[in-house]
Amino acid sequence: MRVCFVRHGETDWNTEGKLQGHTATSLNETGIRQTRQCAEQLAVETWDVILSSPLQRARESAHILSDCMGVPHFVSPLFTELDYGHWNGQPRESLIHNQAFRKWYDMAMHKLEKQVNSEWKALCHAYRDDAIVVVTHGLVIQQLEKVLDKKCTSAGELVSNGSFIYITL
């Protein structure tokens, strides 16, 4: 199995430092360009399928990849971003010292790690003989690196919008 995890292209909320969670945010012009560049890089290899998180920014990115690469795209419930609830849309910086948010976030990250571990196992079972691209979110990729003990980014850093990591089994 060969898997490429792609972080969706940039949105305005990314540039504004806002938590997106499950909010329906679209790619901005930079995000569209990032995703097209990503597609050009990935198109040099053969891929069987593209899966995406059901969130709008991931679906838009997957659609661009699919069009550019000629690979079918399907929405999957796997590898979906955290839902920040009433903190969606809030600037990250304003929440750094918010104790209620920090407590919630620590628990949510623990749950996300378990979720990603379970979803990784399901993906390996369902696509064990395939080469797949999964369009997802920064925190999901960060947790995937932790689960698989593969560090592709610096500690605490997220994969950049429109960037990707490879995992080969």
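Helices (H or I, at least four residues) and strands (E, at least two) are DSSP runs, numbered from the N terminus. On this basis the protein has 6 helices and 5 strands. From the N terminus on, the elements follow the order β-α-α-β-α-β-α-α-β-α-β. The radius of gyration is 15 Å, close to the 15 Å from the globule rule for 169 residues, so the protein is as compact as a globular protein of that length. The radius is taken over C-alpha atoms, and the rule is 2.2 Å times the number of residues to the power 0.38.

The structure is a predicted model, in which local features need pLDDT of at least 70, side-chain atom pairs count only at pLDDT 80 or more, and totals for chains, interfaces and linings use all residues. Residues are numbered from 1 along each chain as its sequence is written, and side-chain values use heavy atoms, with hydrogens and water left out. The mean pLDDT (the predictor's confidence in each residue, from 0 to 100) is 93. A value of 70 or more is reached by 96% of the residues.

Along the principal axes, the C-alpha atoms fill a box of roughly 45 × 35 × 25 Å. The accessible surface (Shrake-Rupley method, 1.4 Å probe; for residues, only the protein chains shown count as cover) is about 8500 Å². Carbon and sulfur atoms hold 49% of that surface. Buried residues account for 47% of the 169 residues. Here buried means under 20% relative accessible area, exposed over 50%, and partly exposed in between (1.4 Å probe, protein chains only). Contact means heavy atoms within 4.5 Å. Of the contacts between residues at least 6 apart in sequence, 73% join residues at least 24 apart.

Helix α5 (residues 99–126) has 28 residues, which at 1.5 Å a residue should span 40 Å; its end C-alpha atoms are 40 Å apart, which agrees. The expected span is 1.5 Å times one less than the number of residues. At the start of α5, a side-chain oxygen of N98 comes to within 3.0 Å of the backbone nitrogen of A100. The buried residues of α5 are F101, Y105, A108, M109, L112, V116, E119, W120, L123 and C124. An α-helix has 3.6 residues a turn, so residues three or four places apart point the same way. The buried residues of α5 pack against β1 (2–7), β2 (49–52), α4 (92–95), β4 (131–136), α6 (138–148) and β5 (164–168).

Helix α6 is mostly covered, with 8 of its 11 residues buried. These are G138, L139, V140, I141, Q142, Q143, L144 and E145. Their cover includes β1, α5, β4 and β5. E145 has a relative accessible area of 3%. After α6 comes D149, with a positive phi near 55 degrees.

The 14 residues of α3 should span 20 Å at 1.5 Å a residue; the end C-alpha atoms are 20 Å apart, which agrees. In α3, the buried residues include R57, A58, S61, A62, I64, L65, S66 and M69. Among the elements that cover them are β1, α2 (29–42), β2, β3 and β4. G70 follows α3 and has a positive phi, near 70 degrees.

F79 lies in the loop between β3 (73–75) and α4. Its relative accessible area is 1%. Most residues other than glycine have a negative phi, and most peptide bonds are trans. F79 is not a glycine, yet its phi is positive, about 60 degrees.

H8 is found in the loop between β1 and α1. H8 is buried, with a relative accessible area of 2%. H8 and G162 are 154 residues apart in sequence, but their C-alpha atoms are 5.4 Å apart in space. Leaving out residues up to four places away in sequence, H8 touches N14, Q20, R57, A58, S61, V135, T136, H137, N161 and G162.

T25 sits in the loop between α1 (12–16) and α2. T25 is buried as well, at a relative accessible area of 7%. Its side chain makes a polar contact with the side chain of Q20 at 2.6 Å. A polar contact is a pair of N or O atoms within 3.5 Å; within protein, one must be able to donate a hydrogen and the other to accept it, and residues adjacent in sequence count only if both atoms are side-chain atoms. Neighbours within four places in sequence aside, T25 is in contact with T11, W13, Q20, Q56 and R57.
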